[in-house]
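Colleague: Could you take me through this model? I would like to start with the packing and then turn to the chain contacts.

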Amino acid sequence: MIRFDNYSCRYESSKEPLLHTLNLQINPGEFVFVTGPSGGGKSTLCFSINGLIPNEMEGSLYEGSVTVDGINVQQTFPYDLVSVVGTVLQDPEWQLVRGTVKEELTFALENMGVSVEEIDRRLAQVAEQVQIKPLLLRSSLELSGGQKQRVAIAACLMMQPKVIVLDEPTAELDPMGKEMVMETICELHRQWGYTVVFVDHNLDVTLPHADRVIVVANGRIIADTPPARVFDQQAVRELLPMPQIVDLSRQLGVRRSDGGDPLTVAELEEELGKRRENKAQLDWEGSGQSYRYGRIAADAQPIIELKQVRFKYKKHDTDLTIKPVDLRIMQGEFTAIIGHNGAGKSTLCKLITGLLKPSSGEVLIHGKLANSYGAEQRVRHVGFVFQNPDFQFVRRTVYDEVAYGLHIQRLKAEEIDARVRQVTKLLNIDSYLHEHPHFLSRGERRRVAIASILALEPEVIILDEPTTGLDSLRCQEMMSYIRKLWQKGHTIILLTHDMRVVADYVPRTIVMSGGHIQWDAPTRDIFAKKEKLHRHQITLPPVVELSYALGWSEPALSSDEFITHIHSVEGVMETAAEGVLG
Amino acid sequence: MTQLSNPMQRGMAQKNISARHIVAIVISALIYGATIYISRYFPIKIGTVQAIYPAAVFAPLFGIWFGLWGSAGLVVGNVLSMLVVGMNPAVYPLALLAQFAMGFIPGVMFRKVKLESMKDRVHFILVVILGMVAGTVLVALNLILFQKVPANVVWSTVWAWMQVSNTLTAAILSPLLFTWMSDYMNKSGLFFKRFWG
Amino acid sequence: MQLYYPSNSIIHYMHGFTKIMIFGILLTLVPLFMEQPVSLLVLLLACSGLFIYIRPPKTHLLLLIPVGMLAVMMSLTYFFADMGGQVYVHAEWGYWMFQISSGNVLFAITFILRMMIWSLLFFILLFTTSPEDLVIGLKRFGLPEFLTLAVSLALRYWSLMIFDVKTVMDAQYCRGVDFRSGGILTRTKRFASLLIPVLFVFLKRFRTTSFALTLKGVGRKNKRTYYYNPRLSAIDNWAISSAVLLTAVWLTLQWFYKL
């Protein structure tokens with residue numbers, strides 16, 4: 001279906017190719033999962049299939065050829081190729097170009113000059129395939145992220161392509177949105193037989209569904225195998241952190257009967273079950289808790305306090321966006337706020353930072369009303385790092401960017417220099433001090449944004465989705481930086497959808513739903529609520545699911561905990577068995 | 001590069017109006033609209049008079065970056081910002097033409113993404129001033145012909161003030177902003193090398 | 001940009017083209033040639049009648065405030081010229097002068113009335129016409145395809161733009177940038193600290209949007225179909241012809257009687 005023959009490409013302006021010469025064949029009906037580190041050439045691969053390279057991207061050069069369904073991509077304009085290759089881009093908002101869903105779906109066919117009757121026929125068919133009939137007349141502004149991507153997929157299908165290329169379609173979505181998109185794609189592949197090329201970072205979710213995995217790094221294909229065999233390769237293990245299930249099975253030495261890695265909780269559970277006929281029923285008292293909570297001094301003062309805070313966006317709104325909320329954050333705490341989109345997480349944090357004023361109730365910082373602090377004073381107490389760092393960069397070098405907030409505070413030049421060097425060193429961006437912030441990678445840009453807030457030395461740092469869109473290696477990196485900040489004594493509040501991050505790093509978790517705090521407890525207790533969490537649209541990390549599948553009453557939160565526990569259980573069982581035999 | 005040393009090929013050249021031209025209009029219009037939106041929150045005023053008309057700073061930049069398409073975007077952006085406050089663009093035809101001129105004149109006379117020498121700088125500032133003066137004359141004419149404001153008042157107060165709020169502001173701030181953005185525009189490949197795209 | 005609201009007035013059922021023709025052009029011409037405040041007042045009342053007939057929601061009524069203020073502000077320019085009549089106050093600084101006279105007041109009132117009529121008419125058009133109908137109406141005037149597409153894209157992204165700008169303002173506020181204090185130079189600088197991220201955020205979207213359009217077949221040379229393409233109905237023909245007749249009659253009367 002897709003064939004790369006000695007294909008390579010690069011930018012006119014750079015010496016290093018985007019893709020080194022490669023040969024690749026993708027067969028009809030295959031679900032190919034393309035992954036690899038950011039900036040390694042995944043998107044380039046996509047854009048070489050749909051013809052944006054070389055015919056739309058200014059200044060791109062190529063060699064060799066790519067053929068899709070017998071058509072030479074390089075000799076065809078991308079807009080003439082749309083009926084063969086359908087593409088879904090990463091940004092759910094800006095790739096929808098029309099006002100309503102129906103217009104969005106018909107737009108491409110109108111451009112192709114397809115008759116109105118034919119458009120109607122396809123509309124009926126696609127609405128059924130992707131199940132978006134109830135959305136047809138809605139405005140794209142009213143849709144959730146997942147729904148938007150579903151519409152983008154539907155818009156592709158309208159052109160009846162043979163191949164669907166998806167470039168990180170789930171990167172900016174919450175877990176529900178991710179699931180929704182994944183489901184749609186799997187359905188298309190399984191039931192309607194589309195050839196799918198899916199680019200993504202999220203191995204946990206995608207790996208089980210794919211037929212074939214291609215790992216791209218530094219412009220080369222470094223692995224091309226079935227999903228269960230990816231981590232057999234040394235080069236891949238060096239580049240990509242394993243998904244939790246693979247990591248666990250490898251540590252436990254569990255393989256599937258066909259020799260591959262188990263990829264889902266169910267598979268691993270089955271293999272574990274086979275290994276030991278008797279499931280470990282012994283319970284395990286969580287031991288990590290004391291050390292996790294132990295960092296907060298007993299005499300810690302509340303730094304942020306919310307008393308009966310209510311909020312609504314418009315005066316005549318009947319529903320409150322924030323229902324009466326009481327909350328206390330102690331000095332030196334590390335807290336995660338979780339909950340689905342629209343649960344009120346961001347609103348709550350904007351109330352704390354003073355971007356919004358409560359309709360009633362009090363927000364106290366150090367026991368004083370938050371409103372009594374001016375903008376310049378407040379930044380010394382509470383810093384807020386936005387999800388998209390691009391919204392705050394105003395300077396042309398990283399150094400000036402980090403120093404910007406300090407200049408506003410009119411600090412002395414030596415003081416500014418010292419602070420900038422200190423925070424950039426801490427976050428490991430000191431080698432880019434003279435780079436333009438907009439030319440850095442996503443993770444680096446985010447670190448610059450954190451550094452520029454950190455330089456102001458706020459006591460509390462609120463981070464909005466700091467790991468979204470990062471590949472798993474960079475996600476780990478980012479979280480270890482954040483943990484470092486916590487260990488240096490900052491109070492940290494993390495807004496996130498990534499439950500693995502919460503389970504691995506954060507001691508206290510607040511679950512928000514419908515504008516109020518549902519639960520506020522140590523993370524272990526939160527994850528012990530199992531099905532109750534599903535009701536608030538929160539998905540558990542695989543290791544927690546696995547603990548439950550094995551019948552433990554208290555879950556392990558990280559791979560390490562799980563391994564320690566299972567070894568101890570096995571140890572106990574072996575001694576018990578020996579005792580019986582003896 | 002010659003064909004021999006570089007076997008790599010370019011993409012095919014597109015001749016008709018393509019997506020990037022349309023997007024150039026849209027992005028220019030949106031940024032222009034954003035500027036007008038922000039200035040509402042940001043009273044930069046001396047007494048009750050708007051001291052700075054920030055949109056004027058952008059007009060020459062879009063003309064230079066996106067050529068004809070950026071200039072068209074200025075018109076679209078201005079029309080949209082009029083819609084929001086209920087001003088009928090049909091009564092301001094010359095004012096719309098003025099927006100176009102503010103982008104078109106610098107755009108057609110200056111086609112570089114960087115100010116490399118003193119000569120460039122002078123050239124740049126001159127074309128910006130020329131575009132602004134032409135634009136403000138058109139705005140003044142619109143006031144006289146369609147809003148029926150007496151001519152001597154328009155020239156002595158409104159037009160005269162626009163030389164400060166538009167022409168002077170643009171002459172000072174446009175080159176700064178242009179230099180500020182030039183390395184990004186250059187590297188990202190968004191700059192339209194030819195005026196017609 | 002949520003100006004349109006669905007309802008069931010006759011005006012709601014008209015074609016975009018008809019409404020642009022009537023409210024945007026024909027009726028807009030009338031006050032341009034009207035000189036007497038009384039006739040303008042009558043016209044203003046007529047327009048208000050139509051405006052009430054389309055029953056705009058309460059929040060939409062607030063939109064009349066900024067345009068009203070603008071009209072008053074601009075009408076002040078008349079006090080810097082001598083428009084005749086009885087002089088009440090007069091001051092002079094070299095070339096510039098300030099004067100309150102009966103003529104000046106009359107001209108200022110005429111100006112405000114005219115502005116208000118225009119904006120009422122225009123709001124009637126915008127409140128009753130959805131963005132897509134507006135674009136289809138524009139297309140009928142012979143606007144080229146690329147321009148109507150650009151307009152509809154800009155309309156689609158407008159509210160996203162406002163949202164982004166707000167986020168940028170929030171993000172700068174969080175770094176201690178205060179927008180409402182400081183001298184004019186500091187404010188200008190802080191103003192720039194908003195514009196630069198806005199500029200980058202939108203320029204970065206350039207690629208995404210341009211790819212999205214290409215991948216939806218924009219730029220193809222074949223003839224385009226129009227899936228949603230309403231025809232001019234009997235109501236439209238009737239409305240346009242009566243508006244043309246009305247304008248023509250008015251202009252004739254105006255010619256003879258200087259109303």
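Predicted model: local features only at pLDDT ≥ 70, side-chain atom pairs only at ≥ 80, totals over all residues.

Colleague: Which residues touch the most other members of the largest nonpolar core?

Modeller: They are A:Ile49, B:Val26 and C:Ala154, in a core of 304 residues. Such a core is a set of buried Ala, Val, Leu, Ile, Met, Phe, Trp, Tyr and Cys residues joined through C-beta atoms within 7 Å; buried means that 20 or more other C-beta atoms, placed from the backbone, lie within 10 Å of the residue's own.

Colleague: Which helix gives the most to this core?

Modeller: Helix H2 of chain B, residues 54-85, with 18 residues. Helices are DSSP runs of H or I with at least four residues, numbered from the N terminus.

Colleague: How do H2(B) and H3(B) pack?

Modeller: H2(B) and H3(B), the latter spanning residues 93-109, pack at an angle of about 170 degrees with their axes 7 Å apart. The axes are lines fitted to C-alpha atoms over the stretch in contact, and angles run from 0 to 180 degrees between N-to-C directions. The two helices are therefore roughly antiparallel, a term for angles over 145 degrees.

Colleague: Changing topic, is H5(A) mostly covered or exposed?

Modeller: Mostly covered, as 13 of the 14 residues of H5(A) are buried. At 1.5 Å a residue, H5(A) (residues 145-158) should span 20 Å, and its end C-alpha atoms are 20 Å apart, which agrees. The expected span is 1.5 Å times one less than the number of residues.

Colleague: What comes after H5(A)?

Modeller: A:Gln160 follows H5(A), and its phi is positive, near 50 degrees.

Colleague: How many residues does the contact of chain B with chain C take from each?

Modeller: Chain B contributes 46 residues and chain C 49, where contact means C-beta atoms, placed from the backbone, within 7 Å. On the side of chain B that touches chain C, H1(B) has the largest share, 17 residues.

Colleague: And between chains C and A?

Modeller: That contact takes 42 residues from chain C and 50 from chain A. H9(C) gives the most to the side of chain C that touches chain A, with 13 residues.

Key. Residues numbered from 1 in each chain as written. Chains lettered and ligands numbered in written order. Buried ≥ 20, exposed ≤ 12 C-beta atoms within 10 Å, placed from the backbone. Contact = placed C-beta atoms within 7 Å. Parallel < 35°, antiparallel > 145°, perpendicular 65-115°, else oblique.
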